[in-house]
Each structure stands twice: as C-alpha cells, then as structure tokens.
Amino acid sequence: MPEELAVRIEDLSIKYKINVDTKRTLKNAVMRASKGEKVRMRTVEAIKHLTLDVPHGSVLGIVGANGAGKSTLMRSIAGILPPTEGRIIVNGKISTLLALGVGFNPALSGRDNIILGGLASGLSKDEIEAKTEAIAEFAALPDGFIDMPVRTYSSGMYGRVAFSVAVNMTPDILLLDEALSAGDASFKEKSFQRMRELCSEARTIIIVSHALATINELCDSAIWLHKGSMLAKDKPEAIVDQYLKFLDVGTLPSNFEDM
Amino acid sequence: MSPSADFQPKIQVFEPHRASLPPVIPYLKEFWNRRSFAIELSRFADKAEYLESKLGKVWLVLNPLLLAMVYFLLVTVIRGGNTKTNGLTTLAHILIGLFTFYFASNCITAGAQSITTGGRLILNQAFPRALLPFSSSISAFQTFLPTIPVYIFVIIIGKIFFPATQVPRLAISFLWVPLIVALVGITGFGLALLFATMNVYFRDTNKLLSYVMRIWLYLSPILWLPSMLHGWHRIALYANPLGPVLSATSNIWIEGKTPTLSEFIGAFAWAAGSLLIGGYFFVSRERDFAVRI
C-alpha cells in the first residue's frame, strides 16, 4: 500500500446475522431443536462494496442517516469487526472513541479509568501513568471530580474524560464516533484545537457526526453513507449540502438513483 | 502528506474469516504485550469491588471456609461421629480440596461472564479478547492465595487440640504445590475460555454453570478420598478435569507424598486439553463477539 495512506479500504462488505426470534438461551435452543424448528435469522448488510483511501494527515467526515453503517465502518477500521468481503489495511496506531463511550468502570475514579482506558488501547503502564496527569488536566473537570467515582459524573464530564483519553494517546489514526457532542462550548473549542494540532502533526482523524457544522469546520473531505453504500465523496461543504437536501426532500439526488 | 514525526509504521490488515484461527503467533504476541492490561484490569476490578463492599474480598475466602465446616460436619455425621482418630485429617482434606476447587471454579464462573459483561470494552477497542477471561483467572488466583495461610492456621489450631493426628509438617513434596496450582489455573482458564464463548451464544450458560459446578464439586475427590475408588471406578477420577489435580493436592497436603505418575499425566493432559480446546473455541470465534454482544 502506498506510504502516504493511513487507511485503505478495498471493496469492503460487512454482513452479519441477527437472531430475530427469541432470546438466545440454551433452553430455547433445546426447545426449538425438540420441535424441529429453525432459528429465524436476518442478515444485515451493514456495508456494501465500499472502497476508500484515507491519506495521512487528513480529516475525513462521515455523514449518513441512522443505520447507514457509519459505526460498523468505524469498528471495522478499528479491527473490532472483521470484514465479510474485501479488506482493510491500516497503517499506524489507532485510538478509538466510539459511540458507547469507553469501558469505564463506574465504581472507580476518573483517574483510575484513564489508566484502564490507556492500557486497553495498548499503552504500557509506565506510558499511561506518565500521561495521566496531562489527560486529567485536559479534561479539566470541576472540583476534584477526577478523583471521584465515575458514577457520580454528569454525562458531559464522562464525555470529557473519554475524549481526553482518546486524543491524548498520540494516535496515528483517531476514530471518533459522535464523540464531540458531549462537552460544552468551551470544551468543544478546546477539542477542536487539539484535533487541529493532531492534524498538523500529520495524524489522521475520521469523524462520524450528526452535527454537520462540525464536519464542515474540521474535515477536509467527507463521505456520505447510505444503507451501507458510499453515495458520494467530496469536499465537506458539498457533501453536507447534498445530505441536507436529502434530509429535506427525502429523495436521493437524481444522479444517485441508480445506486 | 507524509506521516508524522513519531510515526512508526504498523500495518494491520483486516480480512474476512470463517470461524478459523487468526494467525496464532501474532495473536499470542499481542496477548503477551498486553498482559499488564489483564493484570491491571483484575486489580481495578478488585478495587472497584472493595469500594462497593468492604467485605467483598473477605467473603470469597470465608465462603469456602464455612462451606468446608458444613461439609465436614456432614461427612462426620454420615460416618457416625467417629472423629477422634481422623477428624482433623478429614477436615484438612476437605479444606484444601475446597480451596483448590474454588480456585478453578472462580476462574471458570468469573471468566465465563467476562465477555458478556465486558461489552463496552469489546465494542470500543480491538485487543485479544482472551485477556478478559485471563484477567478473571488472575483475580481468582489472588483470591486463592490467602486461603493457603488460612488452611495452615486451621491445621495448626487443630494440631493443638488433636496432637495425635498425622497431617504432615513441611515435607519435600510441598515443592510440587506451585506446579499443581499452576495446572489448576491453566485448566480453569482453558475451561473459562470455553464457557465464555458459550455464554456469548447462549446467555443462560451461566445459570447452567452454577449447577454444573455444584455437581462437579460432589464428583471431585473433596468430600471423599481418591483412595476410596477401586478398579474401574477410578475412571471417575480421571474423567474429571479436576480429578487428577485434586487427588495430587490431597496427596501432597494430607499424605505428604509426591503425586503419582498417573496423577501428573492426568493433570497435564487435562490442563493442556482444556487450554487447547477452550483456546481454539474462543479465539476462532472472538471476532464474532462484537456483533453478538
């Protein structure tokens, strides 16, 4: 793969099966088997034949309606979900901040969770301990909340800590899924600042957001996912325009009708 | 643009798979590199538990201890109260057997839940998933460790009251203890991998497991002595994944003897078998976990 690429996605398809019937329990499985019933499965095609190159130092925005496959795409780039077809080549260290927030343990303090989050993303204990102070400072929680259990946090504080961990891992590729909506205006400004910094260091950022202004402000290119396919790749303003029109009118632009 | 200054090329290729093993050597390497994550995860889980209930950890030791007392009463009552001669030996056998069994049992039950309860971590980070049950096994080991001094304490007190009973003092055979404990841990971890995978597909595996563990306890040489089995009945001892190690444990702690060759072979075979089968089952399916959680 060419050296200037951070991520290369070749003809990627991701399908998974979901069980639509009952709860998946041994009891149900035995009951079904005794009645000779089959499990009703539904195949979800989350991503369909997607090809995409993301160069180092770029910020890519992904827009699309709910269920378009944005989070699936992010997870597959992070190596969490395996492709069904095609392949993904990633060059560099990945840091993720995906929709559900990090695996925080609510009984532990913010500081402990920072350490745990760093270890989970592959740092050694010394490395993360050296960074903990900087991360806590970046999160800038009020009144010593950083040493209180995470279950006492407001969702905004939770989001701030999670974001601070993700951006301070010095990742080569940062994947952010709806991660910028948590903080208040001042924290948002700070996080934009930090992301521009990461960019100027030639790190790559991929952002999924429903806040289209964020996409416009931060990204230098964007793609529009619709039902698992990439409808368009362009400058963010152009993509956002098309996408807004689609949201207004509810129909796809005429040149996409054959897709 | 060319990559950043501190950029170290680290090319990862994600390709389709069909219930087959990912490359084993890189997987093990990644597992090894991230072992401190498993250790810290277990440490933090213990810390969280302690913060939630200060007695939490103590109960994990008290539980097998009290159970041992109950079983001891049960066994001596069934036997007709003939306790003067070998009461302490029986208690010692039940105690060390239960403590060892609970080590394996804690590995398995906690490990079996580690994937389904680790949902957010699994959805957010890519790492060898076997680290989660491994972390549970570390916790189980740390619960097991303090039970050894508890055992020694009970025996010393017992010796004061029944000086005649022969529970061995420190003997050379005790050098085998670390190896036997390691084999218990490996067997427990291997089976945890197996049940953790099952629990992802069938969420009631855990409920079933609590009954399995109870029956397993009665089938293991804890409330009875391995020497009570003769002839082909001894198959029951070796068909039990924990049979040979528990028999060896009793041999070391109660008889003060080196475990027999068949105990060694049985224990090694079960440890290797559990780890290989559990490991294969788990690792070949772990990339499927993120969609099924």
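Predicted model: local features only at pLDDT ≥ 70, side-chain atom pairs only at ≥ 80, totals over all residues.
Residues are numbered from 1 along each chain as its sequence is written, chains are lettered from A and ligands numbered from 1 in the order in which they are written, and side-chain values use heavy atoms, with hydrogens and water left out.

The strand β6(A) spans residues 173-177, and five of its five residues are buried; helices (H or I, at least four residues) and strands (E, at least two) are DSSP runs, numbered from the N terminus. In a regular strand the side chains alternate between the two faces of the sheet. The table sets out the strand pairings, where two strands pair if DSSP finds at least two bridges between them.

| Strands | Sense | Bridges |
|---|---|---|
| β5(A) (residues 94-97) and β6(A) | parallel | four bridges |
| β6(A) and β7(A) (residues 204-208) | parallel | five bridges |
| β4(A) (residues 85-91) and β1(B) | antiparallel | four bridges |

Within these pairings, A:Ser95 has A:Leu174 of β6(A) as its bridge partner, A:Ile173 stands opposite A:Thr204 in β7(A), and A:Val90 stands opposite B:Gln12 in β1(B).

The pairing of β4(A) with β1(B) links the two chains, whose contact (heavy atoms within 4.5 Å) takes 48 residues from chain B and 54 residues from chain A. Together the chains bury about 4,400 Å², 59% of it on carbon and sulfur atoms, where buried area is the accessible area (1.4 Å probe) that two parts lose on being put together, summed over both.

Between chain B and chain A there are three salt bridges, each a side-chain nitrogen of Lys or Arg within 4 Å of a carboxyl oxygen of Asp or Glu. One salt bridge joins B:Lys47 to A:Asp112, with the closest N and O atoms 2.6 Å apart. On the side of chain B that touches chain A, at least two residues each come from β1 (11-14), α2 (35-52), α5 (119-124), α8 (177-201), α9 (205-219) and α13 (289-292) of chain B, and α2(B) gives the most, with ten residues.

Technical notes. Buried < 20%, exposed > 50% of the residue type's maximum accessible area, 1.4 Å probe, protein only.
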